[in-house]
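Subject: The structure you asked about

Hi,

Here is the structure we talked about, ready for you to open. Have a look at it first, then read on for what turned up.

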Amino acid sequence: MSWAGPEDIFLSTSLASYLDKKLLVLLRDGRKLLGILRSFDQFANAVLEGACERVIVGDLYCDIPLGLYVIRGENVVLIGELDLEREELPPHMIGVSASEIKRAQKAERDATDLKGSMRKRMEFLDLD
Amino acid sequence: MLFFSYFKELVGKEVTVELKNDIAIRGILHSVDQYLNIKLENSRVVDQDKYPHLLSVRNCFIRGSVVRYVQLPPDGVDIDILHDATRREARGG
């Protein structure tokens with residue numbers, strides 16, 4: 001992130017225009033954090049106030065409150081400005097409690113593990 | 001610096017940025033910096049149904065380190081100018 005020179009005044013890629021806005025931050029591990037940007041630096045390190053993690057499993061979602069977060073820039077994939085006039089999520093999605101989403105996450109993990117182990121058992125067939 | 005200057009020329013054009021986590025985002029290039037961080041305006045995810053959380057994101061900042069490809073409009077590139085600039089850079093650098 002460069003400091004804007006005089007010719008860059010309309011061309012800044014700094015996060016300054018996102019300050020005090022509610023943002024969606026995508027992390028490298030796939031997590032989605034929402035919060036208000038309070039601070040940032042040239043490495044895209046960021047401070048989010050009132051942060052929450054939006055966990056999505058299929059059509060279920062849950063916002064888990066986290067509080068004040070400092071995010072190390074190397075983990076940041078994307079920082080998105082949420083358009084307040086649009087729905088944040090498609091209407092068919094259902095909001096559930098934290099315990100329910102954890103159960104759904106576990107079910108999804110078990111299904112992937114099962115798929116993985118079955119595939120491993122079939123590997124000797126050399127089908128693909 | 002070559003690609004930084006090159007992307008500066010593309011500001012205002014529509015590009016599709018493909019990230020290392022396979023998400024592809026199409027939008028108007030708003031700005032770029034020395035790290036090739038990209039800011040897109042009017043952005044839309046290519047596969048909207050797969051990424052419901054990005055539904056209402058219209059402007060975004062993409063960290064340069066996570067970009068895999070930047071897909072450009074075919075007429076957005078003057079190949080000859082790019083060739084010359086590259087040769088100059090190769091000679092000087």
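To start with something you can look up yourself: which residue forms a salt bridge with A:Asp29, and how far apart are the closest N and O atoms? The partner is A:Arg31, and the closest N and O atoms are 2.9 Å apart. A:Arg31 counts as partly exposed, at 41% relative accessibility. Before you go further, keep in mind that this is a predicted model.

**Chain A on its own**

Chain A has one helix and six strands. Chain A has 128 residues, and 37% of them count as buried. Take the contacts in chain A with a separation of 6 or more: 47% of them come from residues 24 or more positions apart.

**More salt bridges**

Why do such pairs turn up at all? Side chains of opposite charge can pair when their charged atoms come close. Over all chains, the structure holds 13 salt bridges. Here are some to click on:

- A:Arg86 pairs with A:Asp83, with 3.2 Å between the closest N and O atoms. A:Arg86 is partly exposed at 40% relative accessible area, and A:Asp83 is also partly exposed, at 24%.
- B:Glu18 and B:Arg68 meet through their side chains at 2.8 Å, N to O. This pair links distant parts of the chain: B:Glu18 sits in strand β1 (residues 14–19) of chain B and B:Arg68 in strand β5 (residues 67–71) of chain B, 50 residues apart. B:Glu18 counts as buried, at 18% relative accessibility, because the cut-off for buried is under 20%. B:Arg68 is partly exposed at 35%.
- A:Lys22, A:Arg54, A:Asp63 and A:Glu88 are linked in a network of salt bridges.

**Where the two chains meet**

Now zoom out to both chains. How many residues of chain B are in contact with chain A? There are 28, and they touch 33 residues of chain A. The area buried between chain B and chain A is about 2,500 Å², and carbon and sulfur atoms give 60% of that. On the chain B side, the residues that lose the most area to chain A are B:His53, B:Phe61 and B:Arg63, which together make up 27% of what that side buries.

Which elements build the chain B side? Those giving two or more residues to it are β2 (24–32), β3 (38–45) and β4 (57–62) of chain B. The largest share, six residues, comes from β4(B). By class, the side of chain B that touches chain A has 15 nonpolar, eight polar and five charged residues.

Strand β5 (residues 76–82) of chain A pairs with β4(B) in the antiparallel sense, over five bridges.

Is B:Phe61 buried or exposed? B:Phe61 counts as buried, at 0% relative accessibility. From B:Phe61 to B:Pro74 there are 13 residues in sequence and 24 Å in space, C-alpha to C-alpha.

**Two backbone angles to check**

Most residues other than glycine have a negative phi. Two residues here go the other way. A:Ala44 has a phi near 65 degrees, a positive value in a residue other than glycine. A:Ala44 lies in the loop between β2 (32–40) and β3 (46–57) of chain A, and A:Ala44 is buried, with a relative accessible area of 1%.

In chain B, the phi of B:Asn42 is positive as well, near 60 degrees. B:Asn42 is found in strand β3 of chain B, one of the elements named above for the side that touches chain A.

Happy clicking!

How values were computed
Residues are numbered from 1 along each chain as its sequence is written. Chains are lettered from A and ligands numbered from 1 in the order in which they are written. This is a predicted model: local features need pLDDT of at least 70, side-chain atom pairs count only at pLDDT 80 or more; totals for chains, interfaces and linings use all residues. Side-chain values use heavy atoms; hydrogens and water are left out. Contact means heavy atoms within 4.5 Å. Buried area is the accessible area (1.4 Å probe) that two parts lose on being put together, summed over both. Helices (H or I, at least four residues) and strands (E, at least two) are DSSP runs, numbered from the N terminus. Ala, Val, Leu, Ile, Met, Phe, Trp, Tyr, Cys and Pro count as nonpolar, Asp, Glu, Lys and Arg as charged, and the others, Gly among them, as polar. Two strands pair if DSSP finds at least two bridges between them. Buried means under 20% relative accessible area, exposed over 50%, partly exposed in between (1.4 Å probe, protein chains only). A salt bridge is a side-chain nitrogen of Lys or Arg within 4 Å of a carboxyl oxygen of Asp or Glu.
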